[in-house]
Amino acid sequence: MKKESIIFAFAIICILGSATSTYLLSQSQDSNKEELKLQLPKPMFIGTPRNIKTPNLEIVTGKPRGPFFVPKGTKLVSLRRAVTASDRQPVIGEAGFVTDGEKSGEDGYFVELGPGVQWVKIDLQGEYDLSAILVWHYHAQARVYRDVIVQVSDDKDFIKGVTTIFNNDHDNTSGLGIGKDKEYIETNEGRLVDPRGIKARYVRLYSNGNTSNDMNHYVEVEVYGTPAI
Amino acid sequence: MNKTAFRGLFLLVLAGTLLLRLPRLGLRPMHHDEANQAVKFGTLLEKGEYRYDKTEHHGPSLYYLTLPVAWAFSKQTLASLDETTLRLVPAIFGAGIILLLLFFGDGMGRPAVLFSGLLAALSPAMTYFSRFYIQETLFVFFIVGFLGSLWRLAEHPSTGRALASGFFAGMMYATKETSIIIFAAVGGAIVLTIIFRKKTISGRLPLPKIRMIHILWGLAAAAVTAFIFFSSFFKNPKGILDSMIAFKGYFEKGGSAGFHAPPLLYYLTLLAYSKSGAGPAWSEALILGLAIVGGAAAFQKKDRRLLKANAGRAEKPFSSATSAENFFPKFIFFFTVLATAAFSIIPYKTPWNLLPFYIGIILLAGMGAAFIFQSLRKDYLKVIAGLLLAAGLFHLGWQSCRANFQFYADRRNPYAYAETSPDFLQLAKRIDRLAALHPEGRHMLIKVVCGLHQTWPLPWYLRSFDRVGYWQDWPTAGGFERVPLIIADEDQAENLGPLLQDKYQAEYYGLRPDVLLVLFIDRGFWEKYLLDGKK
């Protein structure tokens, strides 16, 4: 009995000890983080898309996205950075719209690239530890953009050192591999992709038309990070 | 302008007409109205069955006139039909409108016929809906035929011309219920033209000598033509009665516009200038402007020399020479004003409903252009006017190309209305590829669970599958076990999602702007599809 009591007390102490240390560790980790403050454009379409609960479509809650924490000192590093696009002559607008800081869903704020698989590439002009990437394709309508793929690299040609951080091309139409991320409906909140601190200078985003037409659009892309050490 | 030059130029206009109407007819996804007409035609093609539906679908002419085209391309079943075959029908009738303008040679003069032909050939509204499998272009064709044969009857009354007028009137009625608006506008225009006909020194110009027998022949021809079509070639005599009962429903629909309730000046604004955000600007203001000139020219006072000449003619019976100068332009002016006003007042508005009065505007514009050239005395002024007009015509043609080959299903195109998204073709393609892998092929079961407004144009795109079921609510659709494909609108998918769980792969597809469909694919079947793609 005495022996059992000792074991029980020891187990309790272990559990409490590990819980306390986990809490203290997480506190020290959180103290290095802060909430990412975003300026969202005003919503453009009335009504919330239906919440279709399936394994490969993103749940639409109609509520604001929860807070997202990034390392302290994280800054928007893509503002007015050079953008190149696979479509050299966009149908509407220009590649520079992607990083011009204008996120309004109204006409006149997006660049329209031609049909099929197209990409835009942002040169951050330096290496950064990336903590968040936000993309607004077009949020004036309930649309889904197809085969959204986000890659980062320190090679401007994306030949070596390429990391795919988001891919919802579930049937490999784009030929960059099958993605397991979910299809989602565009809203004014944009799509937040977590690069998990990966170090890179270039960010490339792919898409392959959308559910309204076969064109590709970008209102804005925001890349957040801290200078790479 | 001599006859040879006119013939040559007219043939060029006709060639231009075909150039904008025939290429790439299958490019645009089927609009839900087109799909609806196509499936109804399919029943006529396969089973020889057609019954006028007094609640929907308009008149029977479109279906019966599609038969020869389908037969010419050896199409015997709905499944064998394609967009190009169906859209050839309005395209042919759209080009036919230009040919029928020859009826008006005496009324408006050869230059005005050429200008009207050019404007009709290049107008984005006319070209866009000449490639659209609905009744409107056929309706305009029969309107022009009716106006033309009525005009010829007024010039030289004869039984043949009375029968032709009646035939076209009957075909108008057998095409669209809105024909009564056109009949009313024509009647009103005749009365106003008589009241406002030109005065000469010896009194008002004489009226055409149409005898009662001609009117009776015309009415009989109209009645027989309408009866033949509405009775499904004598198989359903009740159809003609239904065509009259149908007006009750159409009056209600026209009066309560619902979500089709644009403002009073919707049509004229759309034609004058349209621009959606950063999209391109669209304008047919050239035609509207020339029509104003044409309308004003219809009422211009002749100089004394002409007045004297007319005075001599006034003693003679109604003749083409006097009528051309005095009756025809006024008649077209009054017809256009009345028809435009009537269609604008009706709360129910869709872009294609502007065509029946727009053809009047185009005729006036043709006369306006001819008037400008006839009025200019100095050659250099004629050259400047010619260059300006050529630039305007080029602009119209360029917009037509844009409307039909670039923005054909884009909300930035003012003529595209509740258009089916090009993405919908991806859904059709996906289903075709999946069917090719399924052991049952095109016999595989597909369940469509969509609200009424989200169902079309699915029946057209699934026409070659023989086990497709349609439900509006998921609880009524029976079980979903082992169903390879389920197509649902967002409302239904919200309930189906938890039910199907991870047994299905789900994909979004665009139906129309802001309207999405979800395709659920059996998970095992999907894995097989992916594996096949890797081979």
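Student: Where is the place of B:His58 in chain B?

Tutor: B:His58 sits in the loop between α2 and α3 (61–72) of chain B. Helices here are DSSP runs of H or I with at least four residues, strands are runs of E with at least two, and both are numbered from the N terminus. This is a predicted model, in which local features need pLDDT of at least 70, side-chain atom pairs count only at pLDDT 80 or more, and totals for chains, interfaces and linings use all residues. Residues are numbered from 1 along each chain as its sequence is written, chains are lettered from A and ligands numbered from 1 in the order in which they are written, and side-chain values use heavy atoms, with hydrogens and water left out.

Student: What is the phi of B:His58?

Tutor: The phi of B:His58 is positive, about 65 degrees, although the residue is not a glycine.

Student: Is B:His58 buried or exposed?

Tutor: B:His58 is buried, with a relative accessible area of 19%. Buried means under 20% relative accessible area, exposed means over 50%, and partly exposed is in between, using a 1.4 Å probe and protein chains only.

Student: And B:Arg24, which loop is that in?

Tutor: B:Arg24 belongs to the loop between α1 (3–21) and α2 (32–47) of chain B. B:Arg24 is not a glycine either, but has a positive phi of about 50 degrees. Its relative accessible area is 52%, so B:Arg24 counts as exposed.

Student: Which peptide bond is cis?

Tutor: The bond from B:Trp456 to B:Pro457 is cis, with omega near 10 degrees. B:Pro457 lies in the loop between α21 (452–455) and α22 (458–461) of chain B.

Student: Changing topic. How many helices and strands does chain B have?

Tutor: Chain B has 24 helices and 9 strands. Its radius of gyration is 26 Å, close to the 24 Å that the globule rule gives for 535 residues, so chain B is as compact as a globular protein of that length. The radius is taken over C-alpha atoms, and the rule is 2.2 Å times the number of residues to the power 0.38.

Student: What does the C-alpha trace of chain B span along its principal axes?

Tutor: About 90 × 55 × 40 Å. Of the 535 residues of chain B, 56% count as buried. The accessible surface of chain B is about 22300 Å², and 65% of that belongs to carbon and sulfur atoms. Such areas come from the Shrake-Rupley method with a 1.4 Å probe, and for residues only the protein chains shown count as cover.

Student: What about contacts in chain B?

Tutor: Contact means heavy atoms within 4.5 Å. Among contacts in chain B with a separation of 6 or more, 76% are between residues 24 or more positions apart.

Student: Which helix holds B:Arg87?

Tutor: B:Arg87 is in helix α4 (residues 83–100) of chain B. With 0% relative accessibility, B:Arg87 counts as buried. A polar atom of its side chain lies 2.7 Å from the backbone oxygen of B:Leu25. Setting aside neighbours within four places in sequence, B:Arg87 has contacts including B:Leu25, B:His31, B:Glu34 and B:Tyr133.

Student: What does B:Glu136 touch?

Tutor: Not counting residues up to four places away in sequence, B:Glu136 touches B:Lys176, B:Trp352, B:Asn353, B:Leu355 and B:Pro356. B:Glu136 is in helix α8 (residues 136–155) of chain B and counts as buried at 2% relative accessibility.

Student: And B:Gly295, which helix?

Tutor: Helix α14 (residues 285–297) of chain B contains B:Gly295. B:Gly295 is buried, with a relative accessible area of 5%. Leaving out neighbours within four places in sequence, B:Gly295 is in contact with B:Phe333 and B:Leu364. The C-alpha atoms of B:Gly295 and B:Phe371 are separated by 10 Å, while the two residues are 76 apart along the chain.

Student: Now chain A. How many helices and strands?

Tutor: Chain A has 1 helix and 12 strands. Its C-alpha atoms fill a box of roughly 80 × 45 × 35 Å along the principal axes. Of its 229 residues, 48% count as buried. The accessible surface of chain A is about 11500 Å², with 54% belonging to carbon and sulfur atoms.

Key:
A polar contact is a pair of N or O atoms within 3.5 Å; within protein, one must be able to donate a hydrogen and the other to accept it, and residues adjacent in sequence count only if both atoms are side-chain atoms.
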